[in-house]
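Subject: Structure handover

Hello,

The structure is pasted below, followed by my notes on it. Please read them alongside the coordinates.

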Amino acid sequence: MSNRFFFGDSDSSDSGEDSLPYPKPLSRGAFLTPDFDPATYLSTLRNRHQTLEDLRAELRDRSQHISKELLDLVNEDYQDFLSLGSSLQGGDEKVEEVRLGLLGFKRDVEGLKAKVDERRREVQHLVAEKKEIRRQMQLGRTLLEMDQRLQDLERNLMITSGGLHPVDQAGVEDIELGDSGDEGDEGEGGSAAVSRLRQHAQRYLLIQRMIKHVGPQHPFVVNQELRMERLRNTILLDLGNALRQSVAGDHEEVTKILEMYRDLNEPQEVLKILKERRP
């Protein structure tokens, strides 16, 4: 009995081909990974039931399909670009309107800036004027205080000036000075006359400091030169009398009187008096 081969009909052949394990289409997402590597991707297809030629053909078809999609996208964007140019027709008028609006805004800003600068200059001028007024007020107070101190010292020294009448030295008011804390010690260690002389000298020096602060060229100060000279001469006269009386007496009083001469910067007066006392 011989072996024989039988070929089935076409229906049985078609049903056999349909039962073969056809590979699924390549996944599109596999090509979109950021770290895509062709060699690595092909190594994952080793269990794919497909010949190399079929795989190459499928990849070629996929490449052509992607190229077609890219071309369609470019054409679509190009059409949009062309339509954009046509839609911009007549935009010159709008650009001109915007330009004119910007020019008007610029003029407004420049006008506001000019007003602000003008107001700033006005404020600076007013501030400077206010400072000058304050300075003049302070100067006026200083001049009034100087005149009052001159009158007090003239009254204490019994100098007739500007219609003032002599008064008794016992009515002298105590004026607070920088060295007023030493007056008590002087009253205990020296005579009352030396203490009064020291007060007069200190008040005279205070007036001199005020003159230096105001300025010796000020008209008011210039008009007080005669009064200052009278005060100085009177103080020096009193100091000379006190020194003549104390030379042969209390050495402590002599030292204090010499200190007053030093403060008044009159060493020549001391030498003149000492020469008079020399036998």
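Predicted model: local features only at pLDDT ≥ 70, side-chain atom pairs only at ≥ 80, totals over all residues.

Residues are numbered from 1 along each chain as its sequence is written, and side-chain values use heavy atoms, with hydrogens and water left out.

The average pLDDT of the protein is 76, and 76% of the residues score at least 70. Residues 1–16 have a pLDDT below 50, and this stretch has zero contacts in the model beyond near neighbours in sequence.

Overall fold

The protein has 10 helices and zero strands. Both are DSSP runs numbered from the N terminus: helices are H or I with at least four residues, strands E with at least two. Of the contacts between residues at least 6 apart in sequence, 68% join residues at least 24 apart. Of the 279 residues, 23% count as buried, meaning under 20% relative accessible area; exposed means over 50%, and partly exposed is in between (1.4 Å probe, protein chains only). The accessible surface comes to about 21,300 Å², with 56% of it belonging to carbon and sulfur atoms. Accessible areas come from the Shrake-Rupley method with a 1.4 Å probe, and for residues only the protein chains shown count as cover.

Helix 6 (residues 192–214) has 23 residues and reaches 33 Å from its first C-alpha to its last, close to the 33 Å expected at 1.5 Å a residue. The expected span is 1.5 Å times one less than the number of residues. Gly215, which follows helix 6, has a positive phi near 120°.

Helix 8 (residues 225–246) has 22 residues and reaches 31 Å between its first and last C-alpha, close to the expected 32 Å. Its buried residues include Met228, Leu231, Arg232, Ile235, Leu236, Leu239 and Leu243. An α-helix has 3.6 residues a turn, so residues three or four places apart point the same way.

The loop between helices 9 and 10

Glu266 lies in the loop between helix 9 (251–263) and helix 10 (267–277). Glu266 counts as buried because its relative accessibility is 19%. Not counting residues up to four places away in sequence, Glu266 touches Arg232, Leu236 and Tyr261; Arg232 and Leu236 are among the buried residues of helix 8.

Asn265 is found in the loop between helix 9 and helix 10 too, but is exposed, at 61% relative accessible area. Asn265 has a positive phi of about 60° although it is not a glycine. Most residues other than glycine have a negative phi. Met158 also has a positive phi of about 60° without being a glycine. Met158 sits in the loop between helix 4 and helix 5 and is partly exposed, with a relative accessible area of 41%.

Regards

How values were computed:
Contact = heavy atoms within 4.5 Å. pLDDT = per-residue confidence, 0-100.
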